[in-house]
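Please read the following report alongside the sequence and the coordinates.

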Amino acid sequence: MTRIGRSDLDILPLSLGGNVFGWTADRDTSFAVLDAFHAGGGDFIDTADAYSAWVPGNSGGESETLIGEWLASRKPANVVVATKVSQHPEFRGLSASNVRAAAEASLKRLGVDAIDLYYAHFDDAETPLEETVAAFADLVTDGLVRYVAVSNYTAERIREWISLAEAAGADLPVAIQPHYNLVHRTQVESEIVPVAEQYGMSLVPYYALASGFLTGKYRSSDAAGSSPRAEGAAKLATPAGLALIDALEEVGDAHGASIASTALAWLRAQPTVAAPIASASKVEQVADLLASTSLELTADEVARLSEASAPAQG
């Protein structure tokens, strides 16, 4: 088990991404994926109030609603749920009134008394950061949120948030959610990781498998056009990207592990990373994700993959 930052949230070091629920995974499939994840020891679920507003016919909140229905149906013990605010079509931005209204709407959809981990999803330049920090602090004070976190913030803005929170005697963020994986490392490692180390925060990286590229499924550009996800992954199938996949496969083979499990294990081994986020739109994908939590790479293997990934940085 791993603890998220300075919180008391102990979790298996893997977060199940809820972005596919209500999108590429319908209700029955979402329930089956959640069941398999929980049965395998998974206890950390990541979503956002905006998931999946981009799907025709959706309005936002579909993922939270499905997770809430699953929680009510299964009543699982000790499950940590993280969600986010700022991108829902009806609750855009991070003004105090919007943060409060969005949190209350998320609580209703999730059917829980408190949100375990509440992220500011994207920075809001139009709202004074002091107002946002105070709004999140009030949610903690009122018992609607247990811990505060930030997603997609620059190192400078995270430091500013922390300074404002310290001055106000408010709870500091315990986690940062950045875009971070073997083909997207440079800025996170040079800028975000030092902030996390300084303030005892954990990283919970999204796009941990680079839209599926780091599963080894997309080894050529032939997949482009079959779906937005496939097209994004296929763009990474450069000579440097494919050399990285080969290295992942070789390291994984030494452990009897898949390429996806190995890529997640590398990420988990990085400083300050508590739990990579990975999603599954099919039940059979869950086993590989869970396998990453017990895959312990040697220091040499971690270094080899880091070296192999350097030329593949986009």
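The sections below describe a predicted model.

## Overall fold

The secondary structure of the protein chain in this predicted model comes to 11 helices and 12 strands. Taken along the principal axes, the box filled by the C-alpha atoms is roughly 50 × 40 × 35 Å.

Of the 314 residues of the protein chain, 54% count as buried. Among contacts in the protein chain with a separation of 6 or more, 76% are made by residues 24 or more positions apart.

## Packing of helix 8 and helix 11

Two packed helices are described by the angle between their axes and by the distance between those axes. Helix 8, which spans residues 239-255, packs against helix 11, residues 299-309, at an angle of about 165°, and the two axes are 9 Å apart. Because angles over 145 degrees count as roughly antiparallel, helix 8 and helix 11 are roughly antiparallel to each other. Their crossing is left-handed.

Which residues in helix 8 and helix 11 meet? On the side of helix 8 they are Leu244, Ala247, Leu248, Glu250, Val251, Ala254 and His255, and on the side of helix 11 they are Glu301, Arg304, Leu305, Ala308 and Ser309. By class, this contact has seven nonpolar, two polar and three charged residues.

## Two buried residues in helices

Asn98 is found in helix 3, which covers residues 96-110. With a relative accessibility of 10%, Asn98 counts as buried, because the cut-off is under 20%. Leaving aside residues up to four places away in sequence, Asn98 touches Val85, Glu90, Phe91, Arg92 and Gly93.

Arg268 belongs to helix 9, residues 259-268, and is likewise buried, with a relative accessible area of 16%. Once residues up to four places away in sequence are left out, Arg268 touches Pro13, Val273, Pro276, Ser292, Thr293, Ser294, Leu295 and Glu296. Between Arg268 and Leu203, which are 65 residues apart in sequence, the distance in space from C-alpha to C-alpha is 9.5 Å.

## Backbone geometry in the loops

Most residues other than glycine have a negative phi, and most peptide bonds are trans. The peptide bond from Tyr51 to Ser52, however, is cis, with omega near -5°. Ser52 lies in the loop between strand 4 (44-46) and helix 2 (62-74).

Where does Tyr207 lie? Tyr207 is in the loop between strand 11 (202-203) and helix 7 (228-234), and although Tyr207 is not a glycine, its phi is positive, at about 50°. The relative accessible area of Tyr207 is 46%, so this residue is partly exposed. The loop between strand 11 and helix 7 is also the place of Ser211, another residue other than glycine with a positive phi, in this case near 55°. Ser211 has a relative accessible area of 22% and is therefore partly exposed.

Terms used:
Residues are numbered from 1 along each chain as its sequence is written. This is a predicted model: local features need pLDDT of at least 70, side-chain atom pairs count only at pLDDT 80 or more; totals for chains, interfaces and linings use all residues. Side-chain values use heavy atoms; hydrogens and water are left out. Axes are lines fitted to C-alpha atoms, for helices over the stretch in contact, and angles run from 0 to 180 degrees between N-to-C directions. Helices (H or I, at least four residues) and strands (E, at least two) are DSSP runs, numbered from the N terminus. Angles under 35 degrees count as roughly parallel, over 145 as roughly antiparallel, 65 to 115 as roughly perpendicular and the rest as oblique. A crossing is left-handed if the near helix is turned anticlockwise from the far one by less than a right angle, and right-handed if clockwise. Contact means heavy atoms within 4.5 Å. Ala, Val, Leu, Ile, Met, Phe, Trp, Tyr, Cys and Pro count as nonpolar, Asp, Glu, Lys and Arg as charged, and the others, Gly among them, as polar. Buried means under 20% relative accessible area, exposed over 50%, partly exposed in between (1.4 Å probe, protein chains only).
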